[in-house]
Amino acid sequence: MLSSLTIEVTTGFGVAAGLGLVAGGCAYAAMWPGSQLFGRLLTAPARPGELALTFDDGPNPAWTPQLLEMMSEQSVRATFFLVGSRAQSEPALVRRMAAAGHLIGNHSWGHPNLALASAGRIQEELYRTSQTLEQITGTTVRYFRPPFGARRPEVLRAARRLGMVPVLWNAMTSDWKNPAAEAIAERLMRKIDRLERRGFAANIVLHDGSHMDATANRAPSVAAAAQLITHYKESHQFVTVDAWDICKD
Ligand SMILES: [Zn+2]
């Protein structure tokens with residue numbers, strides 16, 4: 001799923017941050033060959049021991065509240081990539097997310113495959129979502145995850161024009177197909193542990209919503225997230241993806 005180029009860029013971020021080169025780090029990152037081709041693209045840096053839980057396709061009024069409650073009890077913050085049209089329908093839930101300190105990102109307005117969309121449509125999908133999220137939370141949206149991971153250059157360019165950094169992932173399993181929570185958690189733990197042996201942080205995707213069904217049953221994904229938190233809480237640090245952005249203000 002990851003190209004070697006992506007790994008190169010994200011390794012660069014990790015090395016830069018690790019060496020304390022944060023001041024001027026953006027110029028440093030721009031010197032990496034991958035970043036000249038793709039621009040900034042955030043996956044996960046070379047910081048083993050750090051985990052970012054990210055949740056896509058919400059907000060989902062049926063399951064996001066339970067997820068927020070569980071994370072509040074555990075004092076863990078996560079990153080939510082929201083579908084704009086769903087956020088518009090659930091502003092109170094989005095505000096609750098933001099008030100709890102979770103990071104909110106843009107996941108397009110209607111979750112189309114942007115690799116197949118016109119430049120105008122891409123711009124509209126991203127702009128409308130950022131506008132809506134900013135109206136609801138009063139906070140600028142800095143991160144974008146393309147639906148289905150579609151990384152056509154025009155998609156990445158549109159995100160950057162709106163001031164957002166595209167964010168991918170490096171640990172995913174098909175939690176949206178609704179298997180048992182234990183199976184989801186075990187598969188993700190294997191990936192997380194493998195990434196750690198290779199020296200990388202884990203950018204973990206789970207789904208609290210569904211682009212097909214506004215109130216999809218996400219009980220297994222929520223339970224899997226709870227299992228991951230219980231398993232790693234003592235030994236690892238849970239972060240939001242902005243912690244890995246060396247160009248952040
Ligand atoms: Zn999605």
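1. Ala 214 is partly exposed in this predicted model, since its relative accessibility of 34% falls between the 20% and 50% cut-offs. The residue lies in the loop that runs between strand E7 (202–207) and helix H10.

2. Leaving aside neighbours within four places in sequence, the contacts of Ala 214 are Asn 60, Pro 61 and Arg 86. Arg 86 is 128 residues from Ala 214 in sequence, yet their C-alpha atoms are 7.3 Å apart in space.

3. A zinc ion is coordinated by the OD of Asp 57 and by the NE2 atoms of His 107 and His 111, at 2.0 to 2.1 Å. Along the chain these donors follow the spacing D-x49-H-x3-H.

4. The cut-off applied here is under 20%.

5. Helix H10 (residues 219–232) also meets helix H9 (residues 181–197): their axes come within 8 Å and cross at roughly 45°. H9 is therefore oblique to H10. The crossing is right-handed.

6. On the H9 side, the contact is made by Ala 181, Glu 182, Ile 184, Ala 185, Leu 188, Met 189, Ile 192 and Asp 193. H10 contributes Pro 220, Ser 221, Ala 223, Ala 224, Gln 227, Leu 228, His 231 and Tyr 232. The residues of this contact divide into 11 nonpolar, 3 polar and 2 charged.

How values were computed. Residues are numbered from 1 along each chain as its sequence is written. This is a predicted model: local features need pLDDT of at least 70, side-chain atom pairs count only at pLDDT 80 or more; totals for chains, interfaces and linings use all residues. Side-chain values use heavy atoms; hydrogens and water are left out. Axes are lines fitted to C-alpha atoms, for helices over the stretch in contact, and angles run from 0 to 180 degrees between N-to-C directions. Helices (H or I, at least four residues) and strands (E, at least two) are DSSP runs, numbered from the N terminus. Angles under 35 degrees count as roughly parallel, over 145 as roughly antiparallel, 65 to 115 as roughly perpendicular and the rest as oblique. A crossing is left-handed if the near helix is turned anticlockwise from the far one by less than a right angle, and right-handed if clockwise. Contact means heavy atoms within 4.5 Å. Ala, Val, Leu, Ile, Met, Phe, Trp, Tyr, Cys and Pro count as nonpolar, Asp, Glu, Lys and Arg as charged, and the others, Gly among them, as polar. Donors are N, O and S atoms within 2.8 Å of the metal (3.2 Å for Na, K and Ca); water is not among the atoms, so sites may look incomplete. Buried means under 20% relative accessible area, exposed over 50%, partly exposed in between (1.4 Å probe, protein chains only).
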